[in-house]
Amino acid sequence: MSASAENQGMAQWVGMSPERVGGRERVTGAQRYTGDIRLPGALHVKLAHLNCGHARILNVDASQALRLKGVVAVLTADDLPKPMPRFGPVYNDRPVIADDEVKYFGEPVAAVAAEDEDTALEAVKLLRIEYEELPGVYTIDEALRPGAPLVQHPSIRAADDPFRQSNILNEWCFGWGDVDQAQADMVIENVYRFPLVTHFPIENLAYQAAPEKDGVSVWSSIQHPYVLQRAIVTALNLPASKVRIIAPDPGGGFGGKGYPKYEPLLAFLALKTGRPVRLALTLEETFQAIRRAASQIRLRSGFTADGRLVFQDIEANYQLGAYADIGSRVVSKGSYVAAGPYHAPNVRIVGRAVLTHTTPSTAFRGFGIPQLSWALESQMDAAARQLGLDRLEIRLRNIPAKGETVIPGDKPVDGDWRMLLQRAANAIGWGQPLGKNHGRGLAIGMKNSASASASFAIARLLQDGSLLILSSTSDMGQGARTVFSQLAADELGIPLDRISIVMGDTALAPFDASTSASRSSVFMGNAIISACRQIKTQLRQMAAEAYDMAEDCIRLQEGKVICGERAVAYDRLIRDYYGAVRGEVIAVGTARGKYLPNHPLGGQAAFWEVAAVGCEVEVDEETGEITIHKLVTVTDIGKALNPRQAEAQDEGAAIMGLGHTLMEHLILDEAGRIQNLGALDYRIPTIKDIPLEMETILQENGDGPGPYGSKGAGESGILAVSPAVGSAIREAIGVTIHDLPLTPEKVWLALQEKRAGENSFARPLTDPKSYVE
Amino acid sequence: MNAFLYFRPQSLDEVITLLVRYGREARLLAGGTDLLVQMRHDLIAPQVVIDLKRVAELRADVQLLDGALRIGALTVLSDLIEDARVQQYFPALVEAASVVGSVQIRNRATLSGNICNASPAADTAPALLIYDAQVNLIGPDGRRTVALRRFFLGPRKTVLQQGELVEAIDLPLPREASGAAFTRLTRRRGVDLATVNAACLARRSDGVLFAFGAVAPTPILVPVSDNRLLVTSLDAAIRRAILDEVAAHTSPISDVRASREYRLAMVKVMAKRALEVALQRLTAAEAQLSPVA
């Protein structure tokens, strides 16, 4: 579906970096986010939650709260239809509000709607909630223990589900060759852990809903408006045509705003009160609503003596929360590529989605891959050490060449991946002498992009020759509006300032599967180009009729219709074709990844998203603090449609990766409560924490399926940051840490253990504090 | 945030009257950088907020008195950091004040507020302790002065009595060459609370003073009588032994920021680093004072 051939020669804007559409509004505070919208007569909503992770709700007495002046309604499970409406992108398992049980710290038990926010908050404190705290499972190990309390009652699961009496939501098995028969010269086995982390978008989650004559309108800072529409349709049993989703540009999403959370609750409240309702979560509540799946990955890897992979035996347990959300897809899609960008002849992968009494995990930039890369790439280093091979060399020996198979039955290798690593190595001076306590690290990460999914775009050439593009991609800061404008501008020769991109309203813009999986530039980009090309076809047909010429004598150039000697402006043609009352030219473009019912993921990857990371770090031996002197990411982008935005997105992804690498982790207590709830003790990197030097290298080989040979790259920077840093720390001070994040204290502790002479195999692999191999 | 009464008195008399009238229900607002955060997070819910910013007698500057610098109750950290006299005589305080919050916070936060908040981790506290800061209080019974080392009673607890407030903090000017430094450990380089912080003051006559934060219920002062610490070339093992004794005065706990063991180890590292810089500065100060040969 590549659109590269036809327009290679006419790019004026593609490949340039014009000012970001909407950028000025974002940085000046002029942009109106979901929570900023003031609907006339709106009620303000606050949620009530319990101070524990798992409890049975015995009674909610709202009488006192309802007596408070300004309180209009209190909604609990009792006010909703029976059985409780449930929804979710994969399973309809999430109740609109806690039903009988609270299954995670922060799950709403009641919602209060009042004339103002302070009154709603005060009323929440007046609710008398009787509950019985129940034992919960808050870690993977606890959840998998025999006899552990069940997160999902077996009754809501399929009768033939083999795991219905356990906390395993799904188990996915992939593989090829025969691991058990494979003969390796050297085998290593390790367990790698990845912590609970949250997205921390600058804009907290916010929702509004308003009753309509025979339906409902819902506002949400959501990335995928049509996924939300489906959830409202399911939960409220309304036709989609009566459910309008308005999704203002989010202030950062990172996957955390992909899937519906409390929108159905707001919709019910709007219908119950007959008034618009607004709920803006606090930062703390946002932490309690979205997070990434933690993981525990056991890797057993076999190599030949010269460093070629013989087998990979992978057991990847992911910690989901109380409801599936998109978590099971994170596990299936992630574990499917668990063997990484390497040629391993024998592979066995078991991926498990494990339910726990915690915040439901959801999509998060990288979608299961940063967890795997941490394990896989750390393991490649361990193998290199064991075999006495250079860390770059062992990788180069195992990475397949372009056109070769990486996963049997799926898209062949679509880029020069060895080159990515080579360039990263060169950029950090691989092999050159190092200062004291300095070390270098290299890693590569591979993610499968979107598979079966569809994007639609409408192009409207208006009567004055200016252009509207209607698209349901969300511009959450990645710059989709800018790139789409560039693509349309070049296709139709219309100046950027005469193009508007209309997004975020299901009553206006057509279906799009999602703004995720680094898919928008490729899928929506192709759909927009397709729509623009159909407009051009129509313009030629219109000109042929209006000017009585043969269609093949008419061409389009620089925003004009060239008819022989005449160059006609679009508005002139529209006037000449429709007459004085005028009209417009409309086209619908589509792009689709083919649905393959027999493919484990429903379709092949549209492209492989691959990036290499190189870094040089320095470790303070006394404190364990890490300074990253240089960090380089090399991304296989195919073509950078807007190089400045591509670089910014890559840098942003890498810095985000440094968060889970160095400092981020949600700490739970024995009752499943988040101990570091909020910005004070959940630390993310600030501008002072970024590497002293950063470099983004965009590998542009024009070999992608997107416009101009592009591939998506919104996630590539985050995929392999952790193992590169871990590798560099190992070289700097000789310690290997298997559990992220690599906090100063953990590095210090590992050094103490090393000094105490505790050697490699002293600890069992199941010990959560097993820092050494 | 709960509703509250807001007063903006013009004089200290009015402030004291309000404080006496409302007692524990009243909170003082200077910069508000701690107060508002605590109110917004429902940690406190005062019924009365008394804004000090229009009180004529309270100063927002640094005055040179006879033998001391006086820092007014309303002096914000940004102004403190930029004051040439503070920079000259109290460099460790400048270093400490420079890492409190962000620029925006330092533009609002007052030194007095940082002390009255009585956080065990307050960054300015160790620096003020080594400089023997004196806190000038005023209340219904008049004025009194309390040494900072006696000011803190526990986390969020001070010697302030009902009706009392801080009028100014005095820093006695050094009477001899000295070297001082502040250092701290955080979980990240950007805005963060200290996991451990430390200040050190070295003088030939009085030996070495250490002060630490985040490792005891209050910021603590630890004087070292062993003058061998002043010797730059001191054997590392001996210095380590002395610093071990210094660290024994701390009683850190484990929390979400760090374990007790790590804090204990870091007290020694921070003490050593602060000492190194303090000794360098002492040597430099002495070189400046001694006549050229």
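User: In this predicted model, which residues touch the most other members of the largest nonpolar core?

Analyst: The model is predicted, not experimental in origin. Its largest nonpolar core holds 259 residues. Members come from both chain A and chain B. Those that touch the most other members are Ala488(A), Ile528(A), Ala199(B) and Cys200(B).

User: Leaving aside neighbours within four places in sequence, which residues is Ala199(B) in contact with?

Analyst: Contact here means C-beta atoms within 7 Å. Neighbours within four places in sequence are left aside. The partners of Ala199(B) are then Ala92(B), Ala96(B), Pro126(B), Ala127(B), Leu129(B), Ile130(B), Ala180(B), Phe182(B), Ala211(B) and Ala274(B).

User: How many residues does the second, separate core have?

Analyst: This core includes Val45(A), Ala55(A), Val96(A) and Trp219(A).

User: Why does the radius of gyration of chain A agree with that of a compact globule?

Analyst: Chain A has 773 residues, so a compact globule would have a radius of gyration near 28 Å. The C-alpha trace spans about 90 × 70 × 50 Å along its principal axes. The computed radius of gyration for chain A, which agrees with the globule value, is 27 Å.

User: What share of the contacts in chain A with a separation of 6 or more is between residues 24 or more positions apart?

Analyst: Start with the makeup of chain A: it has 19 helices and 28 strands. Of its 773 residues, 56% count as buried. Now take its contacts with a separation of 6 or more. Residues 24 or more positions apart account for 80%.

User: How far apart do the C-alpha centres of domain 1 and domain 2 of chain A lie?

Analyst: Domain 1 of chain A covers 4-31 + 453-593. Domain 2 of chain A covers 368-450 + 604-762. Their C-alpha centres lie apart by 38 Å.

User: Which element gives the largest share of the side of domain 1 of chain A that touches domain 2 of chain A?

Analyst: The contact takes 25 residues from domain 1 and 25 residues from domain 2 of chain A. On the domain 1 side, helices H1 (4-7), H13 (480-492) and H14 (520-547) of chain A each give two or more residues. The residues on that side divide into eight nonpolar, 15 polar and two charged. The largest share, six residues, comes from H14(A).

User: What separation is there between the centres of domain 1 and domain 3 of chain B?

Analyst: Chain B is divided into domain 1 (5-51), domain 2 (62-172) and domain 3 (178-287). The centres are taken over C-alpha atoms. For domain 1 and domain 3 of chain B, the separation is 35 Å.

User: Which residue takes a positive phi in the hairpin of E19(A) and E20(A)?

Analyst: Strand E19 (453-461) of chain A runs antiparallel to E25 (585-593) of chain A, joined by nine bridges; there Phe456(A) partners Thr590(A). E19(A) also pairs with E20 (467-471) of chain A in the antiparallel sense, over five bridges, and Ala459(A) partners Ile469(A). The hairpin of E19(A) and E20(A) has five residues between the strands. The residue with a positive phi, near 85°, is Gly465(A).

User: How many of the residues of helix H7 of chain A are buried?

Analyst: H7(A) spans residues 263-273 and is mostly covered. Its buried residues include Glu263(A), Leu266(A) and Phe268(A). Just after H7(A), Gly274(A) takes a positive phi of about 70°. Of the eleven residues in H7(A), the number buried is eight.

Terms used: Residues are numbered from 1 along each chain as its sequence is written. Chains are lettered from A and ligands numbered from 1 in the order in which they are written. This is a predicted model: local features need pLDDT of at least 70, side-chain atom pairs count only at pLDDT 80 or more; totals for chains, interfaces and linings use all residues. A residue is buried if 20 or more other C-beta atoms lie within 10 Å of its own, exposed if 12 or fewer, and partly exposed in between; C-beta atoms are placed from the backbone. Helices (H or I, at least four residues) and strands (E, at least two) are DSSP runs, numbered from the N terminus. Domain bounds come from an automatic or database domain assignment. Two residues are in contact if their C-beta atoms, placed from the backbone, lie within 7 Å. Ala, Val, Leu, Ile, Met, Phe, Trp, Tyr, Cys and Pro count as nonpolar, Asp, Glu, Lys and Arg as charged, and the others, Gly among them, as polar. The radius of gyration is taken over C-alpha atoms; the globule rule is 2.2 Å times the number of residues to the power 0.38. A nonpolar core is a set of buried Ala, Val, Leu, Ile, Met, Phe, Trp, Tyr and Cys residues joined through C-beta atoms within 7 Å. Two strands pair if DSSP finds at least two bridges between them.
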